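The sequence and structure come first.

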Amino acid sequence: LVRSPSVTQNTTNLFLFPSQKMTNQQGIELYSGKFYAACAAGGALSCGLTHTAITPLDVVKCRMQTGAPYKNTFDGIATIYRQNGMGLDGLFKGAAPTLVGYSIQGLCKFGFYEYFKRTYAVAVGEENAEKYKSLLYIAASASAEFIADIGLCPWEAVKVRVQTQDGWARGLSDGLPKFIAEDGMGGLFRGVVPLWSRQIPYTVMKFLGFERIVEGIYKNALSKPKEEYNKMQQLGVTFAAGYLAGILCATVSHPADVIVSKLNKQPGGSVVSIAKELGFWGCWTGLPVRIAMIGTLTGLQWLIYDAFKASVGLPTSGGSKVVVEIDDLAEQA
């Protein structure tokens with residue numbers, strides 16, 4: 001960031017209420033259109049790439065949730081590989097709608113999170129933004145995810161049906177028109193309410209947990225303030241905090257994830273009827289798999305997101321010391 005006069009103030013307020021325009025060497029001014037575009041691009045990369053990479057685990061999880069008789073995750077992977085191999089008919093079945101859908105979701109999730117965090121902070125003022133920053137993180141992340149899930153929903157619907165109904169379609173190019181022919185355009189959005197119930201708690205925990213865990217690591221586990229660590233060290237903290245936040249995410253959102261999978265497999269079903277059919281314990285089917293998957297996924301998402309931000313000269317996310325000078329951040333960036 002371009003050097004500015006030395007001003008001592010709280011870090012949360014420093015970034016949400018900069019005393020003057022702060023621009024990095026790539027010409028990206030904080031809270032400008034370019035800033036939000038960079039955050040959105042980083043989010044698209046982080047979510048699209050990671051979700052696509054773990055498609056094999058997702059295939060097994062979805063099939064277990066919809067009744068496939070696998071003994072465990074490894075048995076599911078081995079069975080699918082033995083029957084259909086690694087390709088788009090096997091362990092990477094549904095990779096195309098996964099890549100498209102979660103890239104759109106990531107773009108909206110991270111881009112709008114930064115936008116709403118700044119917007120809500122300005123609305124309540126500096127003092128309240130700092131005093132109630134956990135509520136600020138919750139409101140910003142929930143608002144962002146509400147929008148992101150509308151973009152994700154059609155692609156998630158196609159993905160789940162491709163993955164769970166053998167022979168229904170091979171992928172996105174034949175699955176999307178077939179889904180519309182069978183269920184209509186409205187059917188693509190039939191799962192948006194359970195998707196909100198799964199993803200909004202997940203995303204609130206993802207952002208609130210991450211922000212607070214990063215703060216805790218720098219405050220309690222490390223010996224120096226964030227600004228005294230280099231970017232590679234900061235990215236290590238980013239991954240650790242993201243992984244821990246991911247464990248929390250997986251747990252709070254799992255019952256809704258099971259219901260979404262069943263709903264997209266069974267045309268005409270309702271959230272209430274499927275929940276009754278599953279029962280309490282049935283809603284927790286596949287949780288250990290999802291914890292392993294989402295913990296790694298969330299850690300990698302935050303790592304890719306912050307690495308992209310760092311590559312364009314923006315600060316890494318969260319966890320600065322309480323009192324900081326703008327000059328310190330200028331030298332760091």
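## Terms and overall makeup

Helices here are DSSP runs of H or I with at least four residues, numbered from the N terminus. The model is a predicted one. In it, the chain has 13 helices and 2 strands.

Of the 333 residues in the chain, 53% are buried. Among contacts between residues at least 6 apart in sequence, 76% join residues at least 24 apart.

## Helix H5 and the residue after it

Helix H5 covers residues 95-124, which is 30 residues. From its first C-alpha to its last, H5 reaches 42 Å, close to the 44 Å expected at 1.5 Å a residue. Gly 125 follows H5, and the phi of Gly 125 is positive, near 95 degrees.

Helix H4, residues 73-84, has 12 residues. Its reach from first to last C-alpha is 16 Å, close to the expected 16 Å. The buried residues of H4 are Thr 73, Gly 76, Thr 79 and Ile 80. Viewed down the axis of H4, these buried residues fall within an arc of 130 degrees, so they line one face of the helix.

An α-helix has 3.6 residues a turn, so residues three or four places apart point the same way. The buried residues of H4 pack against H3 and H12. On the other side of H4, Phe 74 and Arg 82 are exposed.

## Packing of H3 on H7

Helix H3 (residues 55-65) packs with helix H7 (residues 133-164) at an angle of about 75 degrees, and their axes are 9 Å apart. Angles of 65 to 115 degrees count as roughly perpendicular, so H3 is roughly perpendicular to H7.

On the H3 side, the contact is made by Thr 55, Asp 58, Val 59, Cys 62 and Arg 63. H7 contributes Lys 159, Gln 163 and Thr 164. By class, the contact of H3 with H7 has 2 nonpolar, 3 polar and 3 charged residues.

## Gln 301 in H12

Helix H12 spans residues 287-311 and contains Gln 301. Is Gln 301 buried or exposed? The relative accessible area of Gln 301 is 1%, and buried means under 20%, so Gln 301 is buried.

Leaving aside residues up to four places away in sequence, Gln 301 touches Ser 46, Cys 47, Thr 50, His 51, Tyr 202 and Lys 206.

Definitions and conventions
Residues are numbered from 1 along each chain as its sequence is written. This is a predicted model: local features need pLDDT of at least 70, side-chain atom pairs count only at pLDDT 80 or more; totals for chains, interfaces and linings use all residues. Side-chain values use heavy atoms; hydrogens and water are left out. Axes are lines fitted to C-alpha atoms, for helices over the stretch in contact, and angles run from 0 to 180 degrees between N-to-C directions. Angles under 35 degrees count as roughly parallel, over 145 as roughly antiparallel, 65 to 115 as roughly perpendicular and the rest as oblique. Contact means heavy atoms within 4.5 Å. Ala, Val, Leu, Ile, Met, Phe, Trp, Tyr, Cys and Pro count as nonpolar, Asp, Glu, Lys and Arg as charged, and the others, Gly among them, as polar. Buried means under 20% relative accessible area, exposed over 50%, partly exposed in between (1.4 Å probe, protein chains only). The expected span of a helix is 1.5 Å times one less than its number of residues. The arc is that of the directions from the helix axis to the C-beta atoms.
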